[in-house]
Amino acid sequence: MAPATAPGAALADASPPALLVRGLSHLYRSPAGDVAALDSAALAVGAGEFVALVGPSGCGKTTLLRIAAGLLAPRPQPGDAAPTVELFGASPDAARRGRWIGLVAQEPGLLPWLTVERNVRLAAELAGVRADVPALLERVGIAEFALHHPAELSGGMRQRVALARALAHAPRLLLMDEPLGALDELSREALRLELLALWERDRVSVLFVTHSIREAVLLADRVFVMGERPGRVLAELDVALPRPRGEELVATPAFVGLESEVRAALGRRGAPA
């Protein structure tokens, strides 16, 4: 395990990393009482790297991702220094304006009155780019449903459309917040294999938030483990498994050993595995 205080130490030659987070604290203010969501969280994603972030519910994973996406301004706790949050050396706002970020959430958020094709095309138009929408739909395995509406699709199909929409402007970094969490296990397995194949081909940088230890180990180059709220990164695990990867890998001793290491890191601070 690499120390949480030195995120991405193996990325020293990457200049700059796709995402660099250091000393990130965040306080939600409320009349019912302030809630500290993050406490000096730190991690890094290298260019072309797939990184997973795991931790218990409510530990601040989504807060960290929203801050990285420029959707939420960090609010440090009293006395904390200003955090570092950089995407390719720029601020989250600059990265968002530059269309460097693709965001995929647990809920696809598709417009129900538009077809699959129009949902993806609209994302490209709003980003001010011309996209080969048929090719995008083919890449995510949904081309034959281009003229269907979201209500006519399964959950897995809708999430494929959401992925195509996120890829429409060719982002440099994909931020994925539990994108497979609402799917049944068969759909989840199929889509993570599609995601693996897409990443192998395109090597876009990815920060993937998940509750699934197995999913994190199967997909990622490195796994960061967060503890209970207020969330901080407790451990960083290198996933030294060969690529390309498939589901058959999960039964191997090396995979089972890595799962156990992640589970132990979660359990050391009382976090549920």
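Let's start with the sheet. Three strands form an open sheet in the order β2-β1-β4, and the pairing is antiparallel. Keep in mind that this is a predicted model.

Now the edges. β2, residues 35-45, and β4, residues 84-86, each have a single partner strand, so one side of each is left without a neighbour in the sheet. On average, neighbouring strands here are turned by 30° against each other, direction ignored.

Next, the pairing of β1 and β2. β1 covers residues 19-28, and seven bridges join this strand to β2. The two run antiparallel. Look for H26: this residue stands opposite L38 in β2.

A helix packs on this sheet. That is α1, residues 61-68, and it touches β1, β2 and β4. The direction of α1 makes about 120° with that of β1.

How many residues does the largest nonpolar core have? It has 54. L163, V223 and V262 have the most contacts inside it. Where does this core lie? Domain 1 (7-100 + 172-267) and domain 2 (109-171) both give residues to it, so the core lies between them.

Take V262. Setting aside neighbours within four places in sequence, V262 is in contact with V54, I213, V217, V223, V225 and L237. Apart from this core lies another, of 29 residues, including A18, C59, L87 and F224.

Last stop, G128. You will find G128 in the loop between α3 (116-126) and α4 (133-139). Is G128 buried or exposed? Its relative accessible area is 66%, which is over 50%, so G128 counts as exposed. The C-alpha atoms of G128 and E152 are separated by 28 Å, with the two residues 24 apart along the chain.

Terms used:
Residues are numbered from 1 along each chain as its sequence is written. This is a predicted model: local features need pLDDT of at least 70, side-chain atom pairs count only at pLDDT 80 or more; totals for chains, interfaces and linings use all residues. Side-chain values use heavy atoms; hydrogens and water are left out. Helices (H or I, at least four residues) and strands (E, at least two) are DSSP runs, numbered from the N terminus. Buried means under 20% relative accessible area, exposed over 50%, partly exposed in between (1.4 Å probe, protein chains only). Two strands pair if DSSP finds at least two bridges between them. Axes are lines fitted to C-alpha atoms, for helices over the stretch in contact, and angles run from 0 to 180 degrees between N-to-C directions. Contact means heavy atoms within 4.5 Å. A nonpolar core is a set of buried Ala, Val, Leu, Ile, Met, Phe, Trp, Tyr and Cys residues joined through side-chain atoms within 4.5 Å. Domain bounds come from an automatic or database domain assignment.
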